[in-house]
Amino acid sequence: MSINLPEGPGGPLAGVLAGLEGRLAEVVKEVRRLRGMVRELEEENQRLRNIILVDQSGSGGHEQLLHFYEEGFHVCPPQFARVRGNEGCLFCQSFLEKKGLKPHG
Ligand SMILES: [Zn+2]
């Protein structure tokens, strides 16, 4: 008669547990990564909101675009409102120039 009892260290159960632990660690890592992403998106969202609020309180439409661009976002149609970071975007620049605006740098 044979019953499947959990075996000692190094047995199949230990292997299964080790596997689960590894998977769990991966899930935890993924959750952390997603949390970081959510935080970044929230910050970005806040920045966008601030920009929109600033824009509502004053200047005309075209300056808003320039402001938006200088805050580090794309204003060009293909990538509108995406994060531009510190890299210049030729599409944005020519888009702004067409509107008679000159981005600095
Ligand atoms: Zn762009």
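**Ground rules.** I numbered residues from 1 along each chain as its sequence is written, and I worked with heavy atoms for side-chain values, hydrogens and water being left out. Because the model is predicted, local features need pLDDT of at least 70 and side-chain atom pairs count only at pLDDT 80 or more, while totals for chains, interfaces and linings use all residues.

**Zinc site.** I looked up the protein donors of the zinc ion, taking as donors the N, O and S atoms within 2.8 Å of the metal (3.2 Å for Na, K and Ca), and found H74 through ND1 and C76, C89 and C92 through SG, at 2.1 to 2.3 Å. Along the chain these donors follow the spacing H-x1-C-x12-C-x2-C. The angles subtended by the 4 donor atoms run from 103 to 117 degrees, which makes the arrangement tetrahedral; for four donors that term requires all angles to lie between 85 and 135 degrees. For reference, the ideal angle for four tetrahedral donors is 109.5 degrees. I then checked accessibility, where buried means under 20% relative accessible area, exposed over 50% and partly exposed in between, with a 1.4 Å probe and protein chains only, and both C89 and C92 are buried.

I paired rings of Phe, Tyr and Trp (its six-membered ring) if their centres lie within 6.5 Å, with planes under 30 degrees apart counted as stacked, over 60 as edge-to-face and the rest as tilted, and the count came to 2 aromatic pairs. F68 and F73 have ring centres 5.2 Å apart and planes at 20 degrees, so this pair is stacked. F68 and F80 also form a stacked pair, at 5.6 Å centre to centre with 25 degrees between the planes. Since F68 lies in helix α2 (residues 61-70) and F80 in the loop between α2 and α3 (90-98), the latter pair ties together parts that are 12 residues apart in sequence; helices here are DSSP runs (H or I, at least four residues), numbered from the N terminus. F68, F73 and F80 form one aromatic cluster, in which F68 counts as buried at 10% relative accessibility, whereas F80 is partly exposed at 45%.

**Helix α3.** I noted that C92, Q93, F95 and L96 are buried in α3. Seen down the helix axis, the buried residues of α3 fall within an arc of 165 degrees, so they line one face, the arc being that of the directions from the axis to the C-beta atoms. On the other side, L90, F91 and K98 are exposed. G100 follows α3 and has a positive phi, near 80 degrees.

Note on methods:
Four donors count as tetrahedral if all angles lie between 85 and 135 degrees; four count as square planar and six as octahedral if opposite donors are over 155 degrees apart and all others between 65 and 115; anything else is irregular. Helices (H or I, at least four residues) and strands (E, at least two) are DSSP runs, numbered from the N terminus.
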